[in-house]
Amino acid sequence: MTQTSHKTNTNSRTFVDTVTYRPGAVILYPGKSDMLYRVASGLIRVHTMDDDGNGLTLRYVKPGEYFGEEALAGVNRAYFAEAVTDSSVDVINPALMSAEDNLVVTTHLVRTLERAYESIYRLVGKRLRARIAGELLELKDTALATQLDSGETMIYATHDELAAAVGSVRETVTKVVGELSREGVISAGYGKITLRNEKQLQEIAAA
């Protein structure tokens, strides 16, 4: 889980540097927050843990999106941020941000809040089957997904990771994944899931 950093020449007033992370590297821990981060490439998982040590994925951060927004208000961070794939992250000093920079981040925060509302609705208002379908569709447009020669999308995700994202446990998620596989909606292998029928998956997610 090595990481390297180098100075960036882009907007040097605001950027501190750009840091690259290997999969599994923890970028942020709960605690003091003083910098803002923007994903340049890869995928970042923002997650927390309950009192029993169970992980819960709060959101995934894709290229062009930000995390560590607490630095804008000077409040402490209550979550972890971890690289899911090889990732490159721009470190930004909030104190040096221009009015235009602040508008971009504010727009991002509004979109993030909208996604959070959708995620909360799925967690409390949808059955597990629909939550899993929705999560797979979310992951389809991330660095965890790859396009196969058949035109289908394969997602690299374990049942544990899915469980953390949909607020369940691995055993129950494995059961639902098995059901979806038998129905031909997806096919599942070790650490990977192929979307066989995205239209049906969308219908399940909307149910």
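Q: What makes lysine 140 and glutamate 198 a salt bridge?
A: In this predicted model, the closest N and O atoms of lysine 140 and glutamate 198 are 3.8 Å apart, and a salt bridge requires a side-chain nitrogen of Lys or Arg within 4 Å of a carboxyl oxygen of Asp or Glu, so the pair meets the criterion.

Q: Why can the pair of lysine 140 and glutamate 198 be said to tie together separate parts of the sequence?
A: Lysine 140 lies in the loop between helix H2 (128-139) and strand S10 (145-147), whereas glutamate 198 belongs to helix H5 (residues 198-206), so the bridge ties together parts that are 58 residues apart in sequence. Salt bridges with shared partners also join Lys140, Asp141 and Glu198 into one network.

Q: Why is lysine 140 called partly exposed?
A: The relative accessibility of lysine 140 is 27%, and buried means under 20% while exposed means over 50%, so lysine 140 falls in between and counts as partly exposed.

Q: What makes arginine 45 and glutamate 82 a salt bridge, and are the two residues buried or exposed?
A: Their closest N and O atoms are 3.7 Å apart, which lies within the 4 Å limit and therefore qualifies the pair as a salt bridge. The bridge links distant parts of the chain, with arginine 45 in strand S5 and glutamate 82 in strand S8, 37 residues apart. Both residues are buried, which means that each has under 20% relative accessible area.

Q: What makes arginine 22 and aspartate 86 a link between distant parts of the chain?
A: The closest N and O atoms of arginine 22 and aspartate 86 are 2.8 Å apart, and the two form a salt bridge. Arginine 22 sits in the loop between strand S2 (15-21) and strand S3 (26-28), and aspartate 86 in the loop between strand S8 (80-83) and strand S9 (87-92), 64 residues apart. Arginine 22, at 42% relative accessibility, counts as partly exposed, and aspartate 86 is likewise partly exposed at 42%. Across the whole structure, the search finds 11 salt bridges.

Q: Why does tyrosine 117 count as exposed?
A: Tyrosine 117 has 52% relative accessibility, and exposed means over 50%, so the residue counts as exposed. Tyrosine 117 is found in helix H1 (residues 99-125), and together with Leu113, Ile120, Leu123 and Val124 it makes a nonpolar surface patch of about 510 Å².

Q: Why is the chain described as being as compact as a globular protein of its length?
A: The chain contains five helices and 13 strands. Its radius of gyration is 18 Å, close to the 17 Å that the globule rule gives for 207 residues, so the description follows from that comparison. Along its principal axes the C-alpha trace spans about 55 × 40 × 30 Å, and buried residues make up 43% of the 207 residues.

Notes: Residues are numbered from 1 along each chain as its sequence is written. This is a predicted model: local features need pLDDT of at least 70, side-chain atom pairs count only at pLDDT 80 or more; totals for chains, interfaces and linings use all residues. Side-chain values use heavy atoms; hydrogens and water are left out. Patches are made of residues with over 30% relative accessible area and no salt bridge: like charges are joined within 9 Å, nonpolar side chains (Val, Leu, Ile, Met, Phe, Trp, Tyr) within 5 Å. Accessible areas come from the Shrake-Rupley method with a 1.4 Å probe; for residues, only the protein chains shown count as cover. Helices (H or I, at least four residues) and strands (E, at least two) are DSSP runs, numbered from the N terminus. Buried means under 20% relative accessible area, exposed over 50%, partly exposed in between (1.4 Å probe, protein chains only). The radius of gyration is taken over C-alpha atoms; the globule rule is 2.2 Å times the number of residues to the power 0.38.
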